Structure formats: structure tokens, C-alpha cells
Amino acid sequence: MKLSYGKAGLILFLMVFSFLALPTLSNAADNDASFIVQNLTAEDIPNDDGGGLVLSWKPLSKEKRIIEYRVYRGASKDSLFFHGKVDVNVKTGSSGDVVYFYDSGYNRFVDLQSPGKLKKEDQQSDSSPLYQRYPRDINVTGPILKNYRILGVIPQKDFYYRNKKVEVEEDGESQVYAGLKIRHFSGLYKKLKVDKKYYYTVLAVTESRSYKPYCEPIVGIPRDNSPEITKKFYSVFLKDEDKLQFEWTRALFDSDHSDHSIYMIHKDDLAKFNNFIEVQKLIEENVVARKEDPEVKKIEQTHKNPAQLIFRRYCGYPYTPNNTVSVKIEDGKIIDTEQDINIAINTKSIEDYYFTFSLSDRAGNETFSAVTQSKIMNADKLPKLPKEWNVTDRKNDKGDYNSVYWGKPSVFLTNSTYLNDEKTKLLVNYEIYKNSKYNEIKNVYFKIYNENGELIDTINEFYQDKKLKVVLDKPSELISFNMTIRANGEYDEDHVFQQDLVFNPTSKSLQPGKLYLNDTEVNKYKYSVYKRNYSNQEWRLSKSSMGSQREIHDNIGYRLAHFKSVSKFDAEKQMFLVSPGFTIRMDKQLKNSIRANLYPSEAVKSVEQYQKEIDKYTAMKDTMKTRAEKASADEAIEYYKSQLDLVNHPILERAASIKNKKSRLKYLEKARRIASRSFEYKLLLSDGKAGFTESEVYTTNKKSKLPWTKKVRTSFTTLGSDHFFPLPNWFQNEKFPALIATLIFGILVFFMIREAKKGKDLYVRPIAGIEEIDNAIGRATEMGKPILFVPGLSGISDVATLAGLSILGRVAKKAAEYDTKILVPVRNYIVLPIAQEIVKQAHYEAGRPDTYDKNSAFFITTSQFAFVAGVNGIMVREKTATNFYMGMFWAEALVMTETGSTTGAIQISGTDAVTQIPFFITTCDYTLIGEELYAASAYLAREPLQLGTLKAVDYFKFIILAFIIVGTILSTTHATFLINAFPEK
């Protein structure tokens, strides 16, 4: 083939280019390879519910300029979706040798913010398995439901009124579900399934947002482990009451806990118990090993557990469970018929017994704490609960708190500071804890003693400002305080708090020591408030507080959503399917849940189904021959009868009689809300080591008046006597003074505006800065130079900006009359069109629309100091004769005004920024200080509305001043009723 010169030249060029480009391409490939994450591993998180893995990998060096690591996860190697990221400081890189990423708990699956369709991750090839987040497309997400535990959060209205009844054939039977579209969920959240394979990969993203190659996907398998071992477990035996008390620390992971149990071990069986525990650990490891390799030989439990169960109770998630229990011994036995416990114990040799605490999860795994022996003591050594404690609905709230309070107020020291170099003058800070009953502290008496026990001073704090001034004859390393309180008119001289200030050589100051009440250490013990509602059988912790506290406010939130497991979908209807049933409350015995259904027909089917089962087992009994078969049938009949009783509960019967669907669901939701938000309470005082005293459930004869009909309250017979429901308040009593002040101010405004409209000349004090505006504009006109007006640097929501713009209208109008150029630089883009319109309107009002320049108000930049630089440039270039600064300013104020001062311009400023007023006063000719800026518009315009409001404010200030003077005089005579009449905040 004959080549032309052109073809030969082209081939030669391509060959040379290939040789030159090959090293570059090879180097790029090498560079990308160096960005691949190394040593990626996925390990099971121990002691969890089988829903967690922890990823780890070796971080890239900081020279790579990595800003984040992106983690992708999927149930197959071919489809990995973005799951999360780890941000990295681009300058310092990762702080450690290993980067960790915890994949545990529920995390986002899909919601309305998810992409609409399946999308590849950015900068990925067609063959890449990496995708962005799961899309809203149910054809993609629906099949993925089987790979995770999915939790749907559904707003109440959507669950009740926007569902669609969907029937699905399952195992030859029709099952009914509630169908909901993705928009009806607040969110769908996913969690790993136990023993399922998941694939992970990680890629690095550089500072230039370049997605580097991902590493080879690895496999992680979450395992359901036994719960973590309880760190501390304490036991006390009260020999005068024949009672065992136990207390333990709560677990960190508790999402799958099912039971708290306590076992007793005789000292002769301790070695056998330890052997049993060792074998249990081997069995647990063996179970996991056999899942990974079926050929591993199974280990059998060869030891019988010698420990005897003496207590067991259910612990429900997500509530914080009780961590104390008392076990009564009667006639040498521990008996619990519900748990089938009947154990003999010799109380005379209680030291022969060991006790252990166990946690069980829903998979049947169980862990035991270290064994402990009981500390023997009498009940009189236990802490004493207050004789009186109360539960009430908290006042002045939105109906979301109950108040639990006890005892009398407490006072204690918090800090101290030397006021002189000789260390003979001290400022001592103190704090008071009061409660709803003792809320009016009249006096706090302090008796102060030196280290020799000599009385230094006696102070009566009739107005509690939380600080004392103490004068010493000489520096001391120990000062003692005796403190008593007079509250609500009561004064108990025997209720004395003692606390020392002790010199701390580290901080070189006097620090508060331990607080005592009548020689008993106050904060040695801790109060815990427990609560339980109609919907739960277990007590849950509301709050714990230190011993000096006297009240807690129990938050009772509004339940605005239903939480539903989601495992099915209908691609044709584009719906996720959830169970239509929901819990109303538990029965009176707190054993079984009373459940309702969105669809009344399904409730009827349940009744029919239970009756069929009862009839079936009743008929089968006639053909049964053995006693065991008949007992099993009786048990089944008893079960279905109990379920039938639940279906026939008065709440459900009442709901069944309501024909209107919406009214029926409203009634059920009302009953559900009452059950979930009504709580009974008990109080516990403990030293944290099983030395505790627990109260009975709080009850009151003063039954609360609640806004429920008689038909509703018949299902909640204890409501208001021992179950307390918080109600919203229409009016906050503590803000009553604010209401009176508002009414007085409103009357003053009305009266003064009416007087101004009648033409009465209302006096306004002359303000030099405003009086000088006309002269300043005139000077600029005489010199033929422009005027600069800066309306602050803040936005339109700032009142100072509004005040500045009102002054701008006056200045612009006068400048238009004199035909003087005005320049209005603006920082905020929202303020810009307003300033332009004000200047334009001013020219029209002056009768000079022809002189209006639309560029007189202009935008510079939103950057603070860049804006100031632009304004300074205008001053220098345009040689402005007059500068106005009216509005909100910050650190840039002095920079601007100093430049204006060097140009020789007259400067008038006004601001309510207290930190900038000194700079304005120093560098400007006239300054409007604080409220003078607000008064300027009324002063200039003399409009009745503005002038009347200004005068009303002035008169209201006189009223405030009068209260200050009277309050000061009264407080000097120890009369604090006027001060206490006003709210603290």
C-alpha cells in the first residue's frame, strides 16, 4: 500500500504521541491505585442484638489530601449503596492509625428526600457496583426489604386516614394489611439482620472532589451475642425485716434485653457454678463457629446450673428499666407463684449464700454477673425518704410535664472567689433548690465560723441573689457555714445544712466541701423517680437527681407517630404494607395488650376466630384419653378465652358501636393517648449499693378534674388518683405582671396617639444629631459634594436597620430638594430594593423625580470587611462632604468613621450596638445613642402614630423607674414582696 505524505505524517504523529502519553497514563493509573483503601475489615459488635458491625481500615496519608471516606453497603456484591461517610481534616489527615465506622442501630432507608430513581454513584463506570442512596422507586426498594429489619415511622393522621386496605394471600389464607405510600411515612429505617451476609467497600474522596477507586468488597456477618456482663452488682440483707435488696449498674446495649434475673448459689456449689459459666462461654463461641463452619463439632452443656432462681422480671425496650429489687423472705422461703419460685433459704447463715445477676435477651442468650455476698444490716441504717412527697400536673406549661416534688428546700455553696490580695474578703456563691410546695423563699440564714469554731458573721439573705460577701480577720484555710431556710412562712431551726469551704492547694482557692443536713451527708444518696402507665407492665426511670434536689419535672411527650415493622410491599399499588393493628393499653393485670384494628371487619373476624378455636378444643377433649392431652387442651381454651375477653374490652365494645369510621378512630386514639400519657409514680432513695428505700405508689384522695367523658373514664378507673395526666394551660400565671404591663402600655399608646391627633404639641427632647441633619446636607450642597448614607450592615429584620431606613427617607428628600447627590451603599441584598424605593419616593415627594438616579442605592458585597473597604473607597474617590451611619454596626465601625474623619467630612452616626457607640462618639461629630436612633423617625416626621408611641414609651419608663425606686426602698427594709411579684426571667 502506498502512503501519502499526509498519512505518513499522521501515523508518525500518533506514534510519537503514544510514546509520550503512555508514561503519563501509566503514572495516573499508579496514582489511582495508591488511593485505594487498604486493610478493610468488618467485625461483629459484641454484646448487641445481632444488628451491628464495625468497619475498620488503614487511613491514607495526609499528603493524599483526603476530605472523606465514603462507605457503601449491600446484600450482594453487585449492588452496593451509599451508606455513610467519615469526614477527614484535609490538613491533618486521620488522627489515628485506624479509621472506624460503626454500622449499628436503625439508619435511614428511604424517605421523601431520597432520589426518585436508581442512580450510579458519581464518577463511576457502567460496570461499577456503586450506587447512590436507595431511591423512592418501590420497584427497587421493595425487593430489598427482605435483606433488612425495616422500621416505618408513620404520622398518626396518615396511619389512620390515608391507608388503603390490601389483602394478600399467604399460605392459602388471606391476610389484611394497611397499604401506605412512601409520602405517608416520616421515614423508613433499616437495621442489619442476624446471621446475614453484607458486603462493604470504601472509597476515598480528595480535596478536588475526585472519587478514587473503591477497594475490593469484604463480607461482614452480624451475630446475636449474649448481653454484656453487668459491671457492678450489690446485695444487702436486712436481718430485722428478712428481706434481700439488690442493685446493679445498667447495661450499655439493652435493645434486645428481655429479662432481669437474680440467682442464689450456696457456697458449696460455687465451684460448680463457675464451671457451668465456663462451659456456657464455650458453647456460645461454638454456636458462632458452627455457623461459619458446619463441620465444627457441637459442644454440649455437661454441667447443670446449680444456681437457684429467686427473682425474674421483664425489662422493656426502649425504656430505662428499674435497677433495684427487693426480695421478701417469708418463713425461710422465697416464693413467687407467677415465676414458679419456691426456694428455701437459711437467714441465720446468710453469709453461706452468693448471689448473681443475669441479663437475658430475646434470642435466649444469658450472661451472669460476678457473684456477690450480702452486706448484713438493719433497716434503720437505710436512707430515710421524706415524709411527704407529691405528684401534680406542672403549671404554666403545654401539657407535657408532671411535677414530682418532696421534702423542704435545700441550700448549698457552689464556689468562692477572693476579692483582695490579702485573701480576707470573699465572694461566696450559693444555690437553692426549692419545689412546687415550698416555692417562696423568705429568708436564708447563714452562720459563718472560722477554723477554730468561732462565729465570724451572721447573714440574713432576705433577697436571694445567690452571693455573699464574707470578711475575715485573717486568711483561713477552713470556713464553716450553717444554713437554714424560711420558706412559705415556715422556719425550722432543726433543719440545718452544714458545709465547709476548704482551701484547695491546686486551685489556690477555697472550694466547697461535702454538704450535710443535720450531720447526714446529703449527696451520698440519690433520688430516682420511676413511672409506669396503662400501656406497660414495667417501671421505667423518669429521672435521677442528687440528694440536695427537691423536685423533678417528668417530660411526657405527645405521641404523634406509629412505629411499624415493614416487610411487604405491593409494587402494583406502589405501597408498603404494615399491620393494621395497634395497641390501646394493657389489661388491669398488666399482662396482655388490648389491640384495636383500623378495619372493624377484621376485629369481628378475630372474635369469630377465637370462638372457633374454643369450640374446636372443647370438642377435641371428648376424644382425648390422656391427662396430658386434656391439660394441653384446657390451656389452649383458657388462652383463647383470655384473648376473647381482651377483644370484648369496654373500650373496643364502645368503638364497635361507633359506625362512623373517622369518629371510631378518634375515640380509639383518645383512649390510646390517655393510656400512654397517664403515669403512676414511686420514689426511691439509694446509696447506689443496694442500700435503698422505696416508696409505695403515690396516691391522692383529691382526684384530678380531667376533660374526659364518663364513658372514657370508666376504662381508666384510677385516672386522677394514682395515674396522672398532664393538661395544657391556657394562661401562664407567672407572666401575669407582663400582661398588666402590656395593658398599661397599650392604654398609654392609645391615649398619647389620640392627643397627638387632636393637635396637642407633645414635647420631644431636642436631639443634636437630628437637629444637625439639615446643616450637614446644606454644607454638602454648598461644597458641591455628595452625601454618603450607610444604613448599617444588618438585615431587614433588625430594628436598627428599619430605624436607619426611616432616617434615610428624610435625608434623601432634603438632598433631592437641594439637588445634592446621595450615595447609599448596601450590604444586604434584601435591604437594597427597599433603599432604592425609599430614595425614589423621596425624590417624588420633593417634586424632583427628574433628578432621581437609580444607581444612587447600590449593592457592594455581603462580606463584612470587603464592604467596608468599598465604602472607604467611595469616601476617598467621591470626596463626600457628609457621612451618615445609621443602623447596626460591628467591628468595622471604627474603620469607616476613621476614614471619613481623615477626609474632613461631617459625620453623623446612630446605632443601638453598645460596643460600637464609644467609637462613634470618638470619631463622629454627632451620635444618636441607643433609643435616640428609634426616636429619630418620630422626631423628624412628627406623625401622630409615631409621636404618640414615642411619648407612651417615655411615660412607661417613668413607671418602671418608680417601681425600681419603690422596690429598692422596700428591699432595704426586708420587704421583698414587690421584687418577688415579678418573674425572675
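**Helix α12.** I began with helix α12, which spans residues 773–783. I listed its buried residues: Ile773, Ala776, Ile777, Gly778 and Ala780. Then I checked what comes after the helix. Glycine 784 follows α12, and its phi is positive, near 70°. I note here that this is a predicted model.

**Nonpolar surface patch.** Which residues form a nonpolar patch on the surface? I found Trp730, Phe731, Phe736, Leu739, Ile740, Leu743 and Ile744. Together they have about 770 Å² of accessible area. I placed it in helix α10, residues 736–757. Phenylalanine 736 has a relative accessible area of 42%, so I logged it as partly exposed. A patch member needs over 30%, and phenylalanine 736 has 42%.

**Positive surface patch.** I turned to charge next. Lys232, Lys375, Lys514, Lys524 and Lys689 gather in a surface patch of positive charge. I followed up lysine 232. I found it in the loop between β13 (218–220) and β14 (233–238).

**Salt bridges.** How many salt bridges does a search of the whole structure find? I got 36. Side chains of opposite charge can pair when their charged atoms come close.

- Arginine 223 sits in the loop between β13 and β14, and aspartate 195 in the loop between β11 (187–192) and β12 (198–206), so the pair ties together parts that are 28 residues apart in sequence. I have arginine 223 as buried at 7% relative accessible area. Aspartate 195 is partly exposed at 34%.
- Glutamate 241 and lysine 243: the closest N and O atoms of this salt bridge are 3.4 Å apart. I logged glutamate 241 as partly exposed, with a relative accessible area of 32%.
- Glutamate 755 and lysine 758: their side chains meet in a salt bridge at 3.9 Å, N to O. The cut-off is 4 Å, so I kept the pair at 3.9 Å. Glutamate 755 is buried at 13% relative accessibility, whereas lysine 758 is exposed at 59%.

**Glutamine 156.** I located glutamine 156 in helix α3, residues 156–161. Is glutamine 156 buried or exposed? I found 14% relative accessibility, which counts as buried. I checked its side chain for a partner. A polar contact of 3.2 Å joins it to the side chain of glutamate 669.

**Phenylalanine 446.** My last stop was strand β28, residues 441–449, where I found phenylalanine 446. Its relative accessible area is 0%.

How values were computed. Residues are numbered from 1 along each chain as its sequence is written. This is a predicted model: local features need pLDDT of at least 70, side-chain atom pairs count only at pLDDT 80 or more; totals for chains, interfaces and linings use all residues. Side-chain values use heavy atoms; hydrogens and water are left out. Patches are made of residues with over 30% relative accessible area and no salt bridge: like charges are joined within 9 Å, nonpolar side chains (Val, Leu, Ile, Met, Phe, Trp, Tyr) within 5 Å. Accessible areas come from the Shrake-Rupley method with a 1.4 Å probe; for residues, only the protein chains shown count as cover. Lys and Arg count as positive and Asp and Glu as negative; His and the chain ends are not counted. The place of a charge is taken as NZ of Lys, CZ of Arg, CG of Asp or CD of Glu. Helices (H or I, at least four residues) and strands (E, at least two) are DSSP runs, numbered from the N terminus. Buried means under 20% relative accessible area, exposed over 50%, partly exposed in between (1.4 Å probe, protein chains only). A polar contact is a pair of N or O atoms within 3.5 Å; within protein, one must be able to donate a hydrogen and the other to accept it, and residues adjacent in sequence count only if both atoms are side-chain atoms.
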